[in-house]
Amino acid sequence: MSRLVNGVRSFSTTASSLLADASSASRSVAQPSSFQVFRDVPPLRQLRHQLLKNERTVGFVPTMGALHEGHLSLIREAARENTDIFVSIFVNPTQFGVNEDLSSYPRTWDSDVEKLEKLNDELGRAGAPGAGQITAIFAPTSKRGGSRPVFFRGVATVCMKLFNATTPDRVYFGQKDVQQTVIIKRMVQDFLLGTEVRIISTSREADGLALSSRNVYLGDRRRNVGLTIYKALRAAEDAYLSGKASRADILGAARSITDRVLSEQKALAPSERALFEVDYISLADPDTLDELDLVDSAKGGVLSAALKMAPLEENKPGEDCGLGDGKVPVRLIDNLILQPRA
Ligand code: AMP
């Protein structure tokens with residue numbers, strides 16, 4: 001259905017000319033070769049309309065940029081199921097708390113575009129699973145401003161706006177942000193949105209650490225200690241799998257890991273340790289995310305946690321302390337699904 005010709009995408013229908021038409025009204029942005037970058041909604045809508053007329057399907061992958069393999073896994077899944085993929089890159093201010101890291105959140109536009117170009121090459125190659133490729137990047141400019149905060153009140157508001165701008169057949173979210181998946185599923189149901197919500201499992205490092213745009217700030221020492229979040233969740237999962245159902249038993253298993261690691265770290269010298277605070281460890285209903293006292297074995301549950309890795313107190317010479325030299329606090333989140341027991 002589509003192939004790469006001299007690095008430029010060509011379709012059996014004329015999607016490349018549709019792209020040219022749709023983007024002529026777009027503000028000038030340095031354009032990569034195999035997809036178009038849109039800053040404004042009207043030209044993006046025009047493209048969407050043309051694709052619809054040509055019976056093409058759109059999978060939508062919203063991101064905040066600083067792309068990694070986790071994001072790419074969502075796009076690969078979208079490519080299996082749709083002819084065209086829209087990816088948005090927008091650092092959503094409402095996803096950050098008052099004291100969180102909005103200003104230091106990594107913004108890596110050039111390398112993001114490079115990764116998407118490379119992935120498009122891969123997707124266009126013979127033998128790639130499915131026919132879809134990335135057609136459009138939607139990178140709206142943040143028109144935040146004190147007078148209009150109401151437009152950016154939460155994840156649901158921003159996603160609703162992105163969905164209205166792209167009217168996707170399917171949207172792709174990572175399991176990693178489990179609260180987000182519940183909000184979005186609920187919103188699609190309540191507002192009768194004609195889009196299918198697809199949840200893709202969390203991509204991890206070999207030892208289990210969930211990939212995250214924020215990991216670049218960790219450095220070696222905090223990265224190793226940060227793995228505690230995954231180990232704690234796994235201990236809680238093991239308790240469930242061994243037959244435990246109560247909150248005290250399941251979360252107690254996680255707590256004993258975080259408590260032990262924290263006291264080990266506290267006993268070390270400031271130049272050797274990485275301190276952290278457990279923000280929360282939660283055991284919740286998979287549909288509502290209400291906290292559970294007891295897991296209903298027919299339904300299962302969601303284990304989730306957040307650890308706040310404190311800045312390093314002292315750096316050692318030659319140590320890799322990560323971007324920001326170990327001074328940027330990093331909040332790690334992760335979750336595991338407790339499957340219903342037969
Ligand atoms: P973000 O750019 O962090 O807002 O993430 C954009 C999308 O990628 C969200 O749907 C995330 O849940 C998803 N995502 C982030 N990290 C991962 C990961 N390690 N594995 C799978 N999906 C992820």
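Select Leu192 to begin, in the loop between helix 6 (178-190) and strand 8 (196-200); helices (H or I, at least four residues) and strands (E, at least two) are DSSP runs, numbered from the N terminus. This is a predicted model, in which local features need pLDDT of at least 70 and side-chain atom pairs count only at pLDDT 80 or more, while totals for chains, interfaces and linings use all residues. Residues are numbered from 1 along each chain as its sequence is written, and side-chain values use heavy atoms, with hydrogens and water left out.

Leu192 has a phi near 50°, a positive value in a residue other than glycine. Most residues other than glycine have a negative phi. Leu192 counts as exposed, at 74% relative accessibility, where buried means under 20% relative accessible area, exposed over 50%, and partly exposed in between (1.4 Å probe, protein chains only). Asp325 counts as partly exposed, at 40% relative accessibility.

Now select Phe60 and Phe163, both of which are buried. Their ring centres lie 6.1 Å apart and their planes stand at 85°, so the pair is edge-to-face; rings of Phe, Tyr and Trp (its six-membered ring) pair if their centres lie within 6.5 Å, and planes under 30 degrees apart count as stacked, over 60 as edge-to-face and the rest as tilted. The pair links distant parts of the chain, with Phe60 in strand 4 (residues 58-63) and Phe163 in helix 5 (residues 155-166), 103 residues apart. By this rule the count comes to two aromatic pairs, and ring pairs link Phe60, Phe163 and Phe173 into a cluster.

In helix 5, pick out Leu162, which counts as buried at 7% relative accessibility.

For rings that carry a charge over the face, show Arg39 and Trp109: Arg39 lies over the face of Trp109, at 5.1 Å from the ring centre. A charge sits over a ring if NZ of Lys or CZ of Arg is within 6 Å of the ring centre and within 35 degrees of the ring normal. Then show Arg341, whose charged end sits over the ring of Tyr240, 4.1 Å from its centre.

Turn to the ligand and display the 17 residues around it, of which Met64, Gly174, Asp177, Ser203 and Leu211 come nearest; a residue is near a molecule if one of its heavy atoms lies within 4 Å of it. Gly174 places a backbone N or O atom 2.9 Å from an oxygen atom of the ligand, and a side-chain N or O atom of His71 is 2.9 Å from an oxygen atom of the ligand. At Leu211, a polar backbone atom lies 2.9 Å from a nitrogen atom of the ligand. The protein covers 95% of the 490 Å² of accessible area that the ligand has on its own, with areas taken from the Shrake-Rupley method with a 1.4 Å probe.

Finish with the cysteines, selecting Cys159, which is buried with a relative accessible area of 7%, and Cys321, which counts as buried at 4% relative accessibility. The structure holds zero disulfides, a disulfide being a pair of cysteine sulfur atoms within 2.5 Å.

Conventions: Polar contact = N/O pair within 3.5 Å; in protein donor to acceptor, adjacent residues only side chain to side chain.
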